[in-house]
Structures are given as C-alpha cells and as structure tokens.
Amino acid sequence: MQTSNDSLILGIDHGYGNIKTANKTFGTGVYVSDTEPAFKNNLLTWNGKYYTIGEGHKEFVADKIQDMDYYVLTLAAVAYELRARGLREAKVHLAAGLPLTWLSAQKEGFKQYLLQNKEVEFSFNTIDYRVEFTGADIFPQGFAAVADRINEFRGTNMLCDIGNGTMNVMLINEKKPENRRCFTEKFGTQQCVIQAKEDMMRTHHATVDESVITRVSGTLFSHLAEIDTQAEEMFSRLVEQMANAEGITEQLKEQNQLEWVQQMNNIRHRATEIVNAELIYV
C-alpha cells in the first residue's frame, strides 16, 4: 500500500472510455437524477443527487472539467480502491494523468478540479465513505507504464498509449522523454466503433448497438493476441530449426561474426515469410 504523509496514494486513469485503477476498470457513463432510481447497481449518492456510474461511455470532450462527471467518477474510483483495502474512511493523495500535449495547459485546472472539496462524504453501492483529499499530482498520460523501468531503455524508444478518445505518442531517447517529439491525436478506439456503426448502416442499412461492437471487438482482440503468440512461437522455432539445418552455429559466430549475422538475417527473413503465409495472411 503506497502512502505519503499518512495519506493513501491512489492512481486513477481518467480515460474517455473507462476509468482505471489498480483494482477496477469501469465505463465513464454517468446518469444523474434528483430522485432515487429503481435500480441501485453502481449508484453513487452525493450532494443530494443520485449518480448511476459506468453505463456506457462519455462523449469525447477535450477538457474534462467542463462538468462534474469526472469528479463523480473519481469518487467512485476512490470507493472501489478503499473497498479493496477494507477501508471506509481515509486521507487520499491522487495521482492522475492528462494527454501529453495538453498537460501544460490543463494541469493546474484539473488539479484544482480534483481538489475542489477537501473533505467529501458520499455513498457508493450502499456503503458510506468519508474521504479527505490531501493533494493531487498530474502526470503525462501513459508515462506510468515506463516510469519505473526507463533506466533500462537503450537508444530511441516509442511509447504509444491508444485510448478510447485519444492516441498519445512519446519518443524516449537515451532514457529521456523528448517534449518536442510528443504528440496527442484525437483518434482512439471510439472512432473505430463509430466507423463500424457507419459501415453497418451503409452496407446493411441497419443500426447496431455500441455494446455489441465492443463485445465483438473484445473477442477479436483476444483472437489476435492468440495469433500473435502463435506467430512468435512459430518464428522462434523456425529460426532455430533452419539455423541447425544450415550449420549456422555459435562457432561460426565466433569465427566470422559478419557472415553469421548475414546468414541469420536471411533465415529470419525466410521464417517471417513462412509465418505470414501460414498464420497471418490466411
């Protein structure tokens, strides 16, 4: 459990499509009502209003502080993390992120937005919580994926964070991110969903619910991941078999490294063609 000055440090990824924490991922859809709804699943009660959390996704907005949705989603994320730790009350220090090239302009505003109330009492899924926010730090989106291992990097590396609403790309050269080579594009998986819906209408003259596309794409991603694993295993096996059959040994590497490199590159090229023909382009 990470703590600082008696405060629990909670990392929250405020995505356009999903909110992510160490223990929970849920959709960014927020439905607010002045009266208690009939169904109370994922219901957050705060400040005299009722918020149903996680049904669907928010529309893309460049500035996340234009309404109260992301604040309420933050409370829900905190509740999930406190529940995972068996807590109902805590001092919390938030760690959040913003798209790379929007960070400078939005950092201070987003920090103030998250800390607009020092103490908050609310209920989520029938459990009462009391939270004291002691601080917040805002980081470049995606950087958390490499922050603890950046000293292991060599040469030039590219970090790509493809989210629901944006794609962030960071160039890391000799262990240091290059500000001038970081960019954010308003293109994420939600644009793919929109394109799929448009294609369905154009081709079949029918509408399809976003949840169906998400479910199908989830199955597709799992299938692609399985193919990727099979391709890597097949490639490694073919390279080893070809090298043994053609006498490309460690002894050759020691005696004539240039020849060894040329022969191995040739083998890898042929192995790639076989994998593509048998697994990828079928």
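With which residue does Arg85 form a salt bridge? The partner is Glu81, and the closest N and O atoms are 2.7 Å apart. Here a salt bridge is a side-chain nitrogen of Lys or Arg within 4 Å of a carboxyl oxygen of Asp or Glu. Glu81 is buried at 3% relative accessible area, whereas Arg85 is partly exposed at 26% (buried is under 20%, exposed over 50%, partly exposed in between; 1.4 Å probe, protein chains only).

The model is predicted: local features need pLDDT of at least 70 and side-chain atom pairs pLDDT 80 or more, while totals for chains, interfaces and linings use all residues. Residues are numbered from 1 along each chain as its sequence is written, and side-chain values use heavy atoms, without hydrogens and water.

The count comes to ten salt bridges, including these:

| Pair | N to O distance |
|---|---|
| Asp13 and Lys20 | 3.8 Å |
| Asp34 and Lys49 | 2.6 Å |
| Arg85 and Glu81 | 2.7 Å |

Asp34 lies in the loop between strands S5 (30-33) and S6 (43-46) and Lys49 in strand S7 (49-53), so their pair ties together parts 15 residues apart in sequence. Helices (H or I, at least four residues) and strands (E, at least two) are DSSP runs, numbered from the N terminus. Asp34 is exposed at 56% relative accessibility.

In helix H2 (103-114), Leu103, Gln106, Phe110, Tyr113 and Leu114 are buried. Seen down the axis of H2, these buried residues fall within an arc of 95°, so they line one face of the helix; the arc is that of the directions from the helix axis to the C-beta atoms. The face turned away carries the exposed residues Ser104 and Gln112.
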